[in-house]
Amino acid sequence: MSTVCAIATPAAVGGISAVRISGEQAFEIAGKVFKPFYPKIEVKEMKGYTAAYGKIFDGGERLDDGVLLVYRAPHSYTGEDVCEIFCHGGIYVTQRVLTACLKSGAEPAAAGEFTKRALLNGKMSLTQAEAVADIISAQGQQLLSCSNAQREGALYRRAEAVSEKIMEVSAQISAWIDYPDDDTPVVTPEWLSEKLSDVENDLSELLSEYDTGRLIREGISCVIVGKPNVGKSTIMNSLSGRQRSIVSSVAGTTRDIVEETVNLNGAVCLLSDCAGIRETDDEIEKIGVEIMLKRLENADVVLAVFDGSKELSDEDLRLIEHIGSKNVIPVVNKSDLEIKLDLNAVESRLGKAAVISAKEGKAAEIIGKEITSRLKLDRFDGNAGFLANERQRACVIRAEEHVRAALSAVTAGVTADAVGVELEAALDAVYELSGKKAGDEVIAEVFKRFCVGK
Ligand SMILES: Nc1nc2c(ncn2[C@@H]2O[C@H](COP(=O)(O)OP(=O)(O)OP(=O)(O)O)[C@@H](O)[C@H]2O)c(=O)[nH]1
Ligand SMILES: [Mg+2]
């Protein structure tokens, strides 16, 4: 395999940049570009997991001073010999160090090439490689900790457990077909049904957690609605911790949608503060309300805000009708004032309300907890492994279909070898999930998501 090279840090100015080389010629190439002077040693003599301080050259031209880190196969990220050159974090100087490595015989690495090599060299499974991309893109604590668990093989182990169960059944069927007269236990329909139902349950459980996993991965879309002046923008500002939306006592202050990404109780939440819902002749406000109604359709959770210091009005009731059966959290605001709102009337329609004062610090904490508990994110154990993307989900759906077909075949009294064929197909799907049997196109698709240098 060729020796590849790429800049592993972003194309931006920073304190330090890293250029990574991986492959059989990593030491030879790094030796041409990097001359250690502390310790005074040839690059090829350096032991794995050691560093040297030295000068970086492009031919005869000195480019920079820097640090070289070396890893010896198989004890490296890719499983190959790897050298990492750390230079000053300027865009030009980093590019020059890369060019010097390319001139010395390295080839440019494709997106995700280092992780792909780690996969091909057996350093990690496909689901673990996917978790690396998720760690890089994580913006919140929950996705980070779940992705770390995936990186350590949480989903891989779940997939392995399922494939072992399928193999046990397949092996029994094969033995029974091949040696019917032996002592092999007879494969009864009852035994098959029990074993296959267990596998089906494991697969269904993975699928049922997919939506919760999606919220952790992609973030929660949360829309704040209510009639004008109830304090939507004040709540938005309290959740984001800054003056994002304009607040005023004039009804109809917010007309456009104001968005902000915030971290609530460990989850990433995309908040949308909307125009207050009311009948209006104002053209701009009307458009704002229309956009808000559309946004409502795609929301994961809706904060329906009411002014606690006023009685429930017709506008409030119309809002309740609009939001219908969505995942709604009623928020009764302005609890620092005398409460005149009939709390029962709201709660009987929308469920338990969060009673807050957006002007007080605790509001963000209360709403954050309410959102994560309503979406069951607080009970989600991502450390147990979960389906992190559409590819993984499609594999499990396929496996489940074949296990169901096998179960139907058992119930219909079809011959055991027909059941065996379905189980083979189910096993293939589970192997594709973990990457044990993923085709080149599947692998290429996975690494498209990666950045160059990872
Ligand atoms: N006393 C009290 N006043 C509040 C509270 N929250 C908001 N307000 C006041 O209510 C008024 C309206 O607040 P906004 O946040 O602009 O209300 P809004 O729902 O965004 O209004 P529109 O954008 O017009 O739809 C402002 O004068 C706020 O200071 C609260 O918890 N207690
Ligand atoms: Mg507003």
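Visitor: What covers the buried residues of α1?

Guide: Contact is judged by C-beta atoms placed from the backbone, two residues touching if these lie within 7 Å. The cover of the buried residues of α1 includes β2 (16-22), β3 (34-38), β4 (50-58), β5 (61-71), β6 (82-88) and α2 (91-103). Helices (H or I, at least four residues) and strands (E, at least two) are DSSP runs, numbered from the N terminus. This is a predicted model, in which local features need pLDDT of at least 70 and side-chain atom pairs count only at pLDDT 80 or more, while totals for chains, interfaces and linings use all residues. Residues are numbered from 1 along each chain as its sequence is written, and chains are lettered from A and ligands numbered from 1 in the order in which they are written.

Visitor: Which residues of helix α1 are buried?

Guide: A residue is buried if 20 or more other C-beta atoms lie within 10 Å of its own, exposed if 12 or fewer, and partly exposed in between, with C-beta atoms placed from the backbone. In α1 (residues 26-33), the buried ones are Ala26, Phe27, Ile29, Ala30 and Val33. Seen down the axis of α1, they fall within an arc of 165°, so they line one face of the helix. The arc is that of the directions from the helix axis to the C-beta atoms.

Visitor: In what order do the seven strands of the open sheet stand?

Guide: Strands of a sheet pair through backbone hydrogen bonds, either parallel or antiparallel. Two strands count as paired if DSSP finds at least two bridges between them. Here the order is β3-β4-β5-β6-β2-β1-β7, with mixed pairing. β3 and β7 (107-108) are the edge strands, each pairing on one side only. β5 and β6 run antiparallel and are joined by five bridges; Tyr71 stands opposite Val82 in β6. Helix α1 packs on this sheet, touching β2, β3, β4, β5 and β6, and its direction makes about 25° with that of β6. Such angles run from 0 to 180 degrees between N-to-C directions, the axes being lines fitted to C-alpha atoms, for helices over the stretch in contact.

Visitor: And what is the order of the six strands in the other open sheet?

Guide: The order is β9-β10-β8-β11-β12-β13, and the pairing is mixed. β9 and β13 (354-355) stand at the edges with a single partner strand each, so one side of each is left without a neighbour in the sheet. Helix α11 (residues 314-323) packs on the sheet, touching β8, β11 (301-307) and β12, and its direction makes about 175° with that of β11. Strand β12 (residues 328-333) runs parallel to β13, joined by two bridges; the partner of Val331 in β13 is Ala354.

Visitor: Why is strand β10 described as largely enclosed by the rest of the structure?

Guide: Six of the seven residues of β10 (residues 267-273) are buried, so the strand is largely enclosed by the rest of the structure. β10 pairs with β8 (residues 220-226) in the parallel sense over five bridges, and Ile224 stands opposite Asp273. With β9 (residues 258-264), β10 pairs in the antiparallel sense over seven bridges; there Asp273 is the bridge partner of Val258. The hairpin of β9 and β10 has two residues between the strands, and Asn265 takes a positive phi near 50°.

Visitor: Which residues come nearest to ligand 1?

Guide: A residue is near a molecule if its C-beta atom, placed from the backbone, lies within 6 Å of it. Of the 23 residues around ligand 1, those that come nearest are Gly231, Lys232, Ser233, Thr254 and Gly276. Helix α9 (residues 232-240) gives the most to the shell, with three residues. The shell divides into six nonpolar, 13 polar and four charged residues. In this count Ala, Val, Leu, Ile, Met, Phe, Trp, Tyr, Cys and Pro are nonpolar, Asp, Glu, Lys and Arg are charged, and the others, Gly among them, are polar.
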